[in-house]
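Subject: The structure I promised you

Hi,

Have a look at it first, then read my notes below.

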Amino acid sequence: MVLPGIAHMTMTQHLWELFTFLMIVAGPVSLAFVLLQTYHSSAHVASFPYRWLFISTVWSIVQVALGLLLGSVHQLWLGPVITIEATMFLLGLLLCKTTKAPTGSAISPSAISPSATSPSLLQHRQPLKPSEWLIFISILVVGAILLIRVATQPITNYDSLWFHLPAVARWYQTGSLTLLDPAGYWIFSHPSANQYPYDWHILSVLCLLPFQEDFLVALPMLLAWTMLGLAVYLLCIRVGAARFYSLAATSLVLSVPMLLNHVTTLHIDLPLAAFFTVALCFALTYNETREPLDLSMFGVSLGMLAGIKTPGIIYGAFLVIIMIALELRYRKHQHLPNQSKLNPLKTIAPKRQVIILYLGLIFLLWLGAFWYVHHALEIASLTAKSQLVEESSAGVDSAVAKADAVKSYLVRFDLDALWSKLLYFQRFTLTYQFDFFNLSDWKTYVIHIVARLQLPFLALVLQVIWLPIAWLKGDDDNRKTLFCLVFLLLSTTFLYWNTPYSAAGSDVGEFSPLVGFNLRYGFPVLGILGMGAAVTATVLQISPRAVLGITLLSSFSGIIGSIAFEAIRKGAFVAEKAIWPSQIISTFGRDPVTAIAQAWQLLTDNLAGMSVYALVYMGLLVLIFTVVGARLYPNQVASVVDGCVLKRRKLSSRLCLYLFGIGICVVLLVWGSWVMRQSRDGLRDELYQGIYRYIEENVQPDERIAYFSSNRSYLFYGKHLNRQVLNIPFDRERPSDWLAYLYRQNIQWVATGPRVPQKEYEVLVQLNRQRQVFIPVFGKDATKAPVIYKLMP
């Protein structure tokens, strides 16, 4: 079956695009290995989770730094990217062969580093038990299902379609990091998104470049999910939790349905939580290993925090305080000489590794400060636009006028205005809007937490509430650890409650159902909650069978719950009357019967898909566990399957086995990506209701589309993102002037919807009756779905 829109794409083209994508993926990997091999002498390098976390972190920061560099010089194209990626990869391979691991350190490792027999290292080196393999494999299965969803499911989240994806599309079109449309104005009408940092979106652009469509545009979110899991697991081990309980806590954190739902969007809350947890992990690791590379990675992670989201600055400052406290505690217990205290660099790194610290500082500043300077310049340019026109008309040179206008904007600093803005944003926080003495607020908040976070979150909380008993039963070291975890949990919860828009959106003072959708601002709390659950379970020695059962059930229920929410959201996306999950959850508190009926109505058409994912989960879990078990525990697995199928067979040559495995992986990669790309194309045509097909067939790449009053503006760029889209707000007070401006901008098409304000829609209809300038060519009702008009000359 050939699906619409993909008939022109051949397998050869797909193979080439897949190859270029893999080149981008492989670029920084070899350099990450070089860093580990050359600059890390601690035994912690032998830890497989630490290696993957380190490589993932280095990969993301190098790719983001590269994208920022190329975008700032207007060279964010496939050619320059591939050239640099290939050069990095080859350079890394060359360095891997010519460099050797460090043989010594400025400070005696025996004095400051954990011994090779420390509990955390022993746990990493011991083989996994069958119960641990089950949990680990369940995490892999959830990750595999997420990969399928990322590759096949078109994005329907309105924030992503409104201001996340349009930014990515505009960068792809221009090869630069501008947020301005071809007319020089903001590409979207979001009130404050033009001031957001966009570090993580760079990775989406790199994933988009090879395929020239949004096939894997959300793949970086899966990377953030993976990094969060690795960091949570390492933190649990680092604070003294047993490996089994650490794996279980990690699985519970990664199975929270709302967390899984955000893997298929471009929201930046999951990457923020991932790098918060990663930075904390590197802080604790440095406190143990005293490796300069760990300190540098901590600093770079802080830069990513600030560059991913503005509240990341606050989370980063909190982590700096923790790092200072850890350093003071270390210096107090190690009794360092006064000379070392006066010159901390001598206690941090030998001379040959100081460069790693300086390099980390450079990356911290580049990743953390880029967008704030970039946005200030763009805002200054737009603010000075009217002044530029006036001074140019008065005979002033345009270049001089623009430079003076930008300079006057940047040097202007109004402290009172800044404070007023902070107070304004504070009004949208949970701290401001939640009434602790109002049972209705409690009911709304708890219902949304239970409905969106479900069994995995409740299982974490169920373990943490036993913390007082663990305090009483534990020794002094356990009590110190539990005290620190309580402090971290309360601190991150406080930060979440004071994050702007953690309560409501535009209605100040109203505790609305939007609080459930904004629970994503509390993702950093989940990692700390997982640490608390693992340590508590370790101290109390909770029944492993009970933990295993709850963990596997939570993974399964998390997948089903996230798919159910996705189905409801998709149903609302294409429905004549949108009913969003937040509305259904709030209705459940008042009228459970009506809420269940609404949810069932939207889920009916997706029950088959949910059943398929349930079968995929169970099938993959059994298959992978059986294959792994046959390799590691041949006698036990053979007894389960009567020894008929999975008995170990010795091959005459290991090379044949490796070649066979590589061949299978290549076939699965090529065939699987081809099938998933076709599936995504068909689902995209269905969910977007044919808008791509219409634009592809009727709108020429050199024609311009103007839009207004739409939170789905990304759809107007077309499947291959090669249409010029201009944001021109509708002027209902002076519609004739607005129409004249459209003609001056050489607009051929006008798009709007859904949810156009009724007054605007009425004025538009009246204007069209008077002059017959708009011919509706796609869509029917702009108040419910996107509509495209042909603008008559």
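Let's start with one term: two residues are in contact when they have heavy atoms within 4.5 Å of each other. Of the contacts in the chain with a separation of 6 or more, 78% are between residues 24 or more positions apart.

Before going on, some housekeeping. This is a predicted model, in which local features need pLDDT of at least 70 and side-chain atom pairs count only at pLDDT 80 or more, while totals for chains, interfaces and linings use all residues. Residues are numbered from 1 along each chain as its sequence is written, and side-chain values use heavy atoms, with hydrogens and water left out.

**The overall picture**

You'll find 36 helices and 5 strands in the chain. Both are DSSP runs numbered from the N terminus: helices are H or I with at least four residues, strands are E with at least two. Of the 793 residues, 55% are buried. Here buried means under 20% relative accessible area, exposed means over 50%, and partly exposed is in between (1.4 Å probe, protein chains only).

Take a look at helix 3 (residues 48-72) and helix 10 (residues 219-238). Their axes are 10 Å apart and the packing angle is about 140°. The axes are lines fitted to C-alpha atoms, for helices over the stretch in contact, and angles run from 0 to 180 degrees between N-to-C directions. Helix 3 and helix 10 are therefore oblique to each other. For the cut-offs, under 35 degrees is roughly parallel, over 145 roughly antiparallel, 65 to 115 roughly perpendicular, and the rest oblique.

Which residues meet? On the helix 3 side they include Trp52, Leu53 and Trp59, and on the helix 10 side they include Met227, Leu230 and Tyr233. The residues of this contact divide into 11 nonpolar, 3 polar and 1 charged. (Nonpolar covers Ala, Val, Leu, Ile, Met, Phe, Trp, Tyr, Cys and Pro; charged covers Asp, Glu, Lys and Arg; the others, Gly among them, are polar.)

Ser301, in helix 14 (residues 292-308), also touches a residue of helix 3 that is on that list, Thr57. Ser301 is buried, with a relative accessible area of 0%.

**Helix 9 and what follows**

Is helix 9 enclosed or open? It is largely enclosed by the rest of the structure, because 11 of its 11 residues are buried. Among them are His201, Cys207 and Phe211. Just after helix 9 comes Gln212, in the loop between helix 9 and helix 10. Gln212 has a positive phi of about 60° although it is not a glycine, and at 37% relative accessibility it counts as partly exposed.

Gln541 is another non-glycine residue with a positive phi, near 55°. Gln541 sits in the loop between helix 27 (523-540) and helix 28 (544-574), and at 53% relative accessibility it counts as exposed.

**Aromatic rings**

There are 38 aromatic pairs in the structure. Rings of Phe, Tyr and Trp (its six-membered ring) pair if their centres lie within 6.5 Å; planes under 30 degrees apart are stacked, over 60 edge-to-face, and the rest tilted. Trp171 and Tyr198 have ring centres 5.8 Å apart and planes at 85°, so the pair is edge-to-face. Trp171 is in helix 8 (residues 158-174) and Tyr198 is in the loop between helix 8 and helix 9, 27 residues apart. Trp171 is buried at 0%, and Tyr198 is buried at 1%.

**Distant in sequence**

Phe244 lies in helix 11 (residues 243-254) and counts as buried at 10% relative accessibility. How many residues separate Phe244 from Val547 in sequence? They are 303 residues apart, yet 9.2 Å apart in space, C-alpha to C-alpha. Leaving aside neighbours within four places in sequence, the contacts of Phe244 include Ile135, Val547 and Leu548.

Ala241, in the loop between helix 10 and helix 11, is 295 residues from Thr536 in sequence and 8.1 Å from it in space, C-alpha to C-alpha.

**One last thing to find**

The peptide bond from Gly753 to Pro754 is cis, with omega near 5°. Look for Pro754 in the loop between strand 3 (749-752) and helix 36 (758-771).

Cheers
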